Amino acid sequence: MGKFESEGETVAPEDQGINFMRAIQSQSAQSGVAIQNISRQLTHTSDAFFIEQVVNINVLATEEQLVDFLYKLGSGASMIRVRDLELQPDAPHQRLTANIRLVASYQKNSPSAANNSTAKAP
């Protein structure tokens with residue numbers, strides 16, 4: 001349990017969805033990836049340690065831009081990963097269209113931590 005508790009960044013539950021979307025949009029702009037469509041964001045409880053935010057995006061990019069986008073999304077402490085990826089060339093065969101399911105895992109607030117902070121309050 002200690003290993004999982006130290007993984008990822010700490011984000012308040014009310015900010016998780018905003019943080020996730022901000023990371024996707026920021027990295028797409030930096031990598032030159034054009035987001036064509038974004039689905040409604042879903043929240044799942046994956047296990048005892050993490051809450052997952054899931055979103056499907058459709059993008060248009062060159063191969064280099066897409067690889068840069070996906071690599072940088074998954075690097076660092078963001079805990080964002082690709083769950084599904086479908087690729088196909090666009091009509092003039094100069095760029096790729098991609099349907100991507102992205103998942104971000106955020107640490108749950110552990111009940112023991114909440115109880116410890118409540119017990120310490122006067």
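Is L85 buried, exposed or partly exposed? L85 is partly exposed, because its relative accessible area is 41%, where buried means under 20%, exposed over 50% and partly exposed in between (1.4 Å probe, protein chains only). Here are some notes on the rest of the structure.

1. Ground rules. This is a predicted model, in which local features need pLDDT of at least 70 and side-chain atom pairs count only at pLDDT 80 or more, while totals for chains, interfaces and linings use all residues. Residues are numbered from 1 along each chain as its sequence is written, and side-chain values use heavy atoms, with hydrogens and water left out.

2. The surface around L85. L85 is found in strand β4, which covers residues 80-89; helices (H or I, at least four residues) and strands (E, at least two) are DSSP runs, numbered from the N terminus. Together with V82 and L87, L85 forms a nonpolar patch on the surface, with about 240 Å² of accessible area in total. Areas of this kind come from the Shrake-Rupley method with a 1.4 Å probe, and for residues only the protein chains shown count as cover. A patch is built from residues with over 30% relative accessible area and no salt bridge, joining like charges within 9 Å and nonpolar side chains (Val, Leu, Ile, Met, Phe, Trp, Tyr) within 5 Å.

3. The core. The largest nonpolar core has 17 residues, and those with the most contacts inside it are F20, I24, I57, F69, I100 and L102. Such a core is a set of buried Ala, Val, Leu, Ile, Met, Phe, Trp, Tyr and Cys residues joined through side-chain atoms within 4.5 Å. At least two of its residues come from each of α2 (16-31), β3 (50-61), α3 (63-74) and β5. Strand β5 gives the most, with five residues. As background, nonpolar side chains tend to be buried together in soluble globular proteins.

4. I100 and its surroundings. Not counting residues up to four places away in sequence, I100 touches V55, N56, I57, V59, L66, F69, L70, V82, D84 and L85. Contact here means heavy atoms within 4.5 Å.

5. S105, R81 and E52. S105 sits in strand β5 (residues 96-107) and counts as buried, at 8% relative accessibility. Beyond its neighbours within four places in sequence, S105 is in contact with F50, I51, E52, M79 and R81. The side chains of S105 and R81 are joined by a polar contact of 2.8 Å, that is, a pair of N or O atoms within 3.5 Å; within protein, one must be able to donate a hydrogen and the other to accept it, and residues adjacent in sequence count only if both atoms are side-chain atoms. R81 also meets E52 in a salt bridge (2.8 Å, N to O). Since R81 lies in strand β4 and E52 in strand β3, this pair ties together parts that are 29 residues apart in sequence. R81 is partly exposed at 36% relative accessibility, whereas E52 is buried at 9%.

6. Other salt bridges. Four are found in the whole structure, each being a side-chain nitrogen of Lys or Arg within 4 Å of a carboxyl oxygen of Asp or Glu. One of them joins D84 and R101, the closest N and O atoms being 3.5 Å apart. That pair links distant parts of the chain, with D84 in strand β4 and R101 in strand β5, 17 residues apart. Salt bridges that share partners also join E52, R81 and R83 into one network. Another salt bridge pairs D68 with K72, at 3.1 Å between the closest N and O atoms; these two are four residues apart in helix α3, so about one helical turn separates them.

7. Q27 lies in helix α2 and is buried, with a relative accessible area of 11%. Leaving aside neighbours within four places in sequence, Q27 is in contact with D68, F69, K72 and L73. Q27 and L73 are 46 residues apart in sequence but 6.8 Å apart in space, C-alpha to C-alpha.

8. N37 in strand β1. N37 belongs to strand β1 (residues 34-38) and is partly exposed, with a relative accessible area of 45%. Apart from residues up to four places away in sequence, N37 touches N56, I57 and N58. N37 and V59 are 7.2 Å apart, C-alpha to C-alpha, and 22 residues apart in sequence.
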